[in-house]
Every structure is written in structure tokens, then in C-alpha cells.
Amino acid sequence: MLFMPLDLAAFAWFVFSWLIYNWLVEFSRWKKHTLSHSMDSYRREWMLSMLGRPLRMIDAQIMSGLQQGTSFFASTSLLALGACFGLLNATDLALEVYADLPISIETTRQQWEIKALGLMLIAAYAFFKFGWSYRLFNYCSIMVGAVPNDEKAPSDQARDMARRAGELNVLAGRHFSRGQRAFFFSVGFLCWFAGPIPFIAGTTCVLAVLLRRQFFSNAHDAVTATGAPRAPA
């Protein structure tokens with residue numbers, strides 16, 4: 001048998017944790033209480049507030065900053081892909097290091113290569129998410145430039161275009177969050193190289209940290225209308 005039952009259980013917990021987190025944040029009835037949902041509302045309000053500014057250089061600078069951040073993470077995911085190829089090429093060296101460790105970690109060439117390929121898939125997924133997010137921010141920038149600049153009151157057409165730009169901004173942010181989520185869960189996946197128990201523990205820690213940030217963090221309280229920011233520890 002290629003993997004022991006405990007390894008398979010740890011991998012199942014990893015997949016379940018990722019899926020349940022996605023469901024809680026994006027599809028469940030509790031998504032309205034998340035930090036991401038609150039920021040989506042601010043993205044929409046930003047595009048509507050833009051209508052009242054005769055000069056939109058500030059909006060262009062914010063869009064540029066969002067694109068630069070997305071581009072950085074897209075480049076980082078490509079570097080991670082290259083590092084995964086390096087892991088595949090260093091299989092023999094890795095097995096020698098495992099043999100010299102003071103603690104017993106049983107692994108085979110096939111197991112090491114499958115784990116490296118798993119990391120590669122996560123990095124590839126993150127790259128596609130960041131790449132698409134970058135493109136969507138680019139589209140949103142074009143729509144911002146196309147919104148009519150009425151000197152008096154914004155027209156219905158301008159309001160409609162601003163709303164659509166806001167939805168595109170929300171979609172870009174959502175794909176960016178999914179790419180970052182892949183990076184975070186890859187930290188838990190890395191623990192699998194140390195064995196199934198660290199894999200379960202690492203995945204659980206990542207899930208707990210992400211849930212806390214979405215529902216109970218100071219950032220969540222700061223951006224929600226009902227939350228009272230906690231005093232910093």
C-alpha cells in the first residue's frame with residue numbers, strides 16, 4: 001500500500017478543511033458575518049463614491065496598488081512552482097536527510113514525489129487565481145475610466161456602470177482571496193512531509209487561524225458596522 005490509512009485520513013481532513021472553509025466564507029448563511037463580505041460592501045461603496053469625484057487619480061492609484069499586490073503574489077506562485085520542481089529533483093538527497101534525522105519519519109521515493117506534486121498543484125491553482133484576479137482588476141480599471149464624469153448629478157448610466165465596476169472589483173478580490181487561501185493551506189500541506197500527525201495538526205492550525213481572521217479578529221471588528229474594535233493586546 002502506497003500510503004498508510006492515517007496518511008489517507010490526514011489528506012481527507014486537509015481536503016475537507018479547505019472545502020468547509022470555502023463554504024463557510026463564500027456560500028453559507030454565515031458569510032455575511034465574515035471580514036471578506038464586509039470588504040465586498042466597501043468595494044461596492046468605493047465605486048459609487050467615485051462618481052462624486054471630478055478627478056479620479058486617487059481611484060486609479062488604488063487600482064494600481066491592487067494590481068501590483070496581485071502581480072507580486074502571481075510571481076511568487078511561479079517561484080513556488082519552480083521550488084516544487086526542485087523538490088522532485090532532490091528526492092535522493094531528501095531521503096538521505098530523512099535517514100539522518102534523530103526522529104523516525106518513514107517515507108519512500110513515491111510518497112515524496114506525490115507530496116511534491118501535490119504542492120505543485122496547489123501552487124499552480126494559486127497562480128491561476130492570482131493571474132485571473134490581476135486581469136479582473138485590469139478590466140475594472142478600464143470600466144472606471146469608462147464611467148461618465150457628469151459635472152452636476154451622476155446619471156443613471158453612470159450609476160449603473162459604477163455598480164458593474166463594483167461587482168467586477170468584488171469578483172477580482174474574491175479570486176485574489178482564493179489564491180491567498182491556497183498559499184495558507186499549502187503551509188498545512190507542507191507538514192505532511194513530517195508525517196500524518198503533523199499534517200493533521202498543521203491543517204487544523206491553518207483552519208483555526210483563517211476562521212478567526214474572518215469572524216473574530218480585530219480587522220473584522222474594525223470594518224463591520226456592529227463590531228467594536230478590541231483593544232490591542
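Predicted model: local features only at pLDDT ≥ 70, side-chain atom pairs only at ≥ 80, totals over all residues.
Helix H2 supplies the largest share of the lining of the largest pocket, with nine residues. The largest pocket holds about 750 Å³ of space. Its lining comprises 28 residues, and those closest to the pocket centre are Ser36, Met39, Gly173, Ser177 and Gln214. Two or more lining residues come from each of helix H1 (5-26), helix H2 (35-49), helix H3 (57-89), helix H6 (156-190) and helix H7 (196-215). By residue class, the lining of the largest pocket divides into 12 nonpolar, seven polar and nine charged residues.

The second largest pocket has a volume of about 250 Å³. Thirteen residues line the second largest pocket, and Asp7, Ile105, Glu106, Thr107 and Pro196 lie nearest its centre. This lining consists of five nonpolar, five polar and three charged residues.

Helix H2, with its 15 residues, extends 21 Å between its first and last C-alpha atoms, close to the expected 21 Å at 1.5 Å a residue. The buried residues of H2 are Leu35, Ser38, Asp40, Arg43, Trp46 and Met47. These buried residues pack against H3, helix H5 (109-146), H6, H7 and helix H8 (218-223).

Helix H3 was examined in the same terms. Within H3, the residues Asp59, Met63, Gln67, Thr70, Ala74, Ser77, Leu81 and Cys84 are buried. An α-helix has 3.6 residues a turn, so residues three or four places apart point the same way. The cover over the buried residues of H3 includes H2, H5 and H6.

Aromatic pairs number 25 in the model. Phe11 and Trp192 form a stacked pair, because their ring centres are 5.8 Å apart and their planes meet at 25 degrees, under the limit of 30 degrees for stacking. Phe11 belongs to helix H1 and Trp192 to the loop between H6 and H7, so this pair ties together parts that are 181 residues apart in sequence. Phe72 counts as exposed because its relative accessibility is 54%, over the 50% limit. Phe73, with a relative accessible area of 22%, is partly exposed.

Ring pairs also link Phe3, Phe11, Phe14, Trp18, Tyr21, Tyr125, Phe185, Phe189, Trp192 and Phe199 into a cluster. Tyr125, one of the cluster members, is located in helix H5. Tyr125 has a relative accessibility of 32% and so counts as partly exposed. With neighbours within four places in sequence left aside, the contacts of Tyr125 are Trp18, Arg178 and Ala182. Of these contacts, Trp18 is also a member of the aromatic cluster. Tyr125 and Ala182 are separated by 57 residues in sequence, while their C-alpha atoms are 7.4 Å apart in space.

Definitions and conventions: Residues numbered from 1 in each chain as written. Heavy atoms only, no water. 1 Å grid on protein atoms, 1.4 Å probe; cavity = no way out; pocket = protein on both sides within 12 Å on 5 of 7 lines; lining within 4 Å. Points joined across faces, edges and corners; volume = space filled by probe spheres on them. Helix = DSSP H or I, 4+ residues; strand = E, 2+ residues; numbered from the N terminus. Nonpolar A, V, L, I, M, F, W, Y, C, P; charged D, E, K, R; others polar. Expected span 1.5 Å × (residues − 1). Buried < 20%, exposed > 50% of the residue type's maximum accessible area, 1.4 Å probe, protein only. Contact = heavy atoms within 4.5 Å. Phe/Tyr/Trp six-rings, centres within 6.5 Å; stacked < 30°, edge-to-face > 60°.
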